[in-house]
Every structure is written in C-alpha cells, then in structure tokens.
Amino acid sequence: MELIDTHCHLTFDDLAQDIDGVIERSRQSGVTGWITVGTDLEHNKKAIELAKRFENMYAAIAIHPHDAKTVTADKMRQLRELAQHPKVVAIGETGLDYHYDFSLHEDQRRVFAEHLKIAAECNLPVIIHCRKAFEETIQILDEYRDSVEKVVFHCFSGSAEQAKIVLDKGYYISFTGVVTFKNAEKTRAAAKVVPLDRLMLETDCPYMSPEPMRKQKVNEPALLIHIARFLVELKEMSLTEFAQAVTDTSSTFFGPLRH
Ligand SMILES: [Zn+2]
Ligand SMILES: [Zn+2]
C-alpha cells in the first residue's frame, strides 16, 4: 500500500528540524509520496530544495492568501520563475481566506487571479485554500475556466452541497484530519458524496493531527494513515482498494509524478 500526502508543510521548523525522522516514519506507515507546500518565497525555495533531496517528493508554490497584502509584481515574477522547476507540480495554496482576514479581500482577489494566470501559463494544477469565501472563490475560478482546469479544494470543510458544486465543475477535493474530528458531521457528509476518482488525502501538517492522535502537537505525514482508515470506514471498503484509488487520483491530478 502506498499513499501520497498531497499537502504538507515540511519546510516549517517543527518538521524541517527532524526531516529524516519525519520521512522515515512516513514511509513506515505506507505514506511514500509528499507534496510540500510553500507559503511565501522563502518557503517556496526551501520546498524545491527539499523536494530535490527526496525521491517522490514534490513542491507546490504560492504566496498564501494571508500574505496577499505583501505581494508585489517583483514577487510574482520570482514565483513565475520558480514555477519552471521540474519538481514544482502545482501552484498553491492560493485562494481566499475571509475567516482570518489577514489581508484585504481586494488584495486577496487580485493575488488569487495572478496565481491562476501563472498556473495557466505553466500548465500546472492549482491548490485552493478557501475559508468563508466559497462563492467568490468559485466566481474567480469561473473567470479562468478555459485556462485552468485542474483544481483541488484543499482542507475541505464545506457542506455536501458545496462539494457537489466543486465536483460539477470537474474539480477535486482533498480531506485533512478535520474529517475525523467529533464535531465534523458536515465534512463527513461532504466526504460521502466525493467519488474516489476526485478525492485526495492530505495532513496539512504540522497542523491538525487527526483523531485518535489529535493530541500530538506536531502533525506529520505518517499520521495520514489515520485519515485513510477513517474514510475507509465511512466509505465501507477495504484499505488496499481505497489507497490504490486515491493514490491513482493524486498521480493523475499532479502527475506525472516521476522525477
Ligand atoms: Zn490552507
Ligand atoms: Zn496548507
């Protein structure tokens, strides 16, 4: 069995300082592929460097919507350059976060659109971060519909109804440990309607350890297995069958994952 953690932040201090241990524990638990996501230029560069060190590790690069207010034309130019690297398999995470509101909505919308333009130019899939901004996120994606087709809503915590809208657009959905939390009935209802050929798994580590490991302060890719097991029960199928299907989906979405 082989699983891919499609969204982790392995360059963040808590994980980076023990990266060999993190990767070893991950492999032992059957999680043998990683997409490490950079959230600013410094981490985008680090993500590419780290991906060069490990087989089956790739990078996604972007400037997080939280930092939209810091984005300049020069930063976007640098991002565009980094996107040329063969280990970069996606643009993201980008989108809108109206929950924390760390940047003005106007700045977030502008920066999101710029990321979509880069994805279109480089023919890369897009990882969406969306909080309390579902309709506007879909609206902006609609504007780029002809040039940006591969889109995943990461850390999905919307309703089944919203999941259906995402699926109708032809987009993908990925679930974190949130789906295992006791109060996450809505997310579980959404997970039920997502077919495996559109579903991916992610830890979003170092944040949000899944149950029953929620007390583990620093989440890591090895814990992806708990999210997989949880969804296997929800979907009433075997772990092997489930793992094969979601790994195929991840490879198709980000693929070809082979450098
Ligand atoms: Zn996110
Ligand atoms: Zn993230």
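Close-up 1. With a relative accessibility of 0%, Ser 26 counts as buried, where buried means under 20% relative accessible area, exposed over 50% and partly exposed in between (1.4 Å probe, protein chains only). Please keep in mind that this is a predicted model, in which local features need pLDDT of at least 70, side-chain atom pairs count only at pLDDT 80 or more, and totals for chains, interfaces and linings use all residues. Residues are numbered from 1 along each chain as its sequence is written, chains are lettered from A and ligands numbered from 1 in the order in which they are written, and side-chain values use heavy atoms, with hydrogens and water left out. Ser 26 belongs to helix H2; helices (H or I, at least four residues) and strands (E, at least two) are DSSP runs, numbered from the N terminus. Setting aside neighbours within four places in sequence, Ser 26 is in contact with Val 31, Trp 34, Pro 221 and Ala 222, contact being heavy atoms within 4.5 Å.

Close-up 2. Two strands pair if DSSP finds at least two bridges between them.

**Close-up 3. Strand E7 beside strand E6.** Two bridges join E6 to strand E7 (residues 172–175), and the two run parallel. Look for Val 152, which stands opposite Tyr 172 in E7, and for Phe 153, whose bridge partner in E7 is Ile 173. Tyr 172 and Ser 174 point one way from E7, Ile 173 and Phe 175 point the other way, and all are buried.

**Close-up 4. The zinc site.** Glu 93 (OE), His 129 (ND1) and His 154 (NE2) coordinate the zinc ion (ligand 1) at 2.0 to 2.1 Å. Donors are N, O and S atoms within 2.8 Å of the metal (3.2 Å for Na, K and Ca); water is not among the atoms, so sites may look incomplete. Along the sequence, the donor residues of this zinc ion (ligand 1) follow the spacing E-x35-H-x24-H. Glu 93 also bridges the zinc ion (ligand 1) and the zinc ion (ligand 2), which lie 3.7 Å apart. Distant parts of the chain are linked by the pair Glu 93, in strand E4 (residues 88–97), and His 154, in the loop between strand E6 (151–153) and helix H7 (160–168), 61 residues apart. Glu 93 is buried at 3% relative accessibility, and His 154 is buried at 5%.

**Close-up 5. Ser 209 in its loop.** Ser 209 sits in the loop between E8 and helix H9 (224–235) and is buried, with a relative accessible area of 4%. A polar atom of the Ser 209 side chain lies 2.6 Å from the backbone oxygen of Gln 216. Not counting residues up to four places away in sequence, Ser 209 touches Phe 181, Arg 214, Gln 216, Val 218, Asn 219 and Leu 223.

Close-up 6. Lys 69 is found in the loop between E3 and helix H4 (73–82) and, at 51% relative accessibility, counts as exposed. Its side chain reaches the backbone oxygen of Phe 102 at 2.5 Å. Apart from neighbours within four places in sequence, Lys 69 is in contact with Phe 102, Ser 103 and Asp 107. Lys 69 and Asp 107 are 38 residues apart in sequence, yet 5.9 Å apart in space, C-alpha to C-alpha.

**Close-up 7. Two cysteines without a disulfide.** The structure holds zero disulfides, a disulfide being a pair of cysteine sulfur atoms within 2.5 Å. For Cys 8, the nearest cysteine sulfur is that of Cys 205, 4.8 Å away. Cys 8 is buried, with a relative accessible area of 0%, and Cys 205 is buried with a relative accessible area of 0%.

Definitions and conventions:
Polar contact = N/O pair within 3.5 Å; in protein donor to acceptor, adjacent residues only side chain to side chain.
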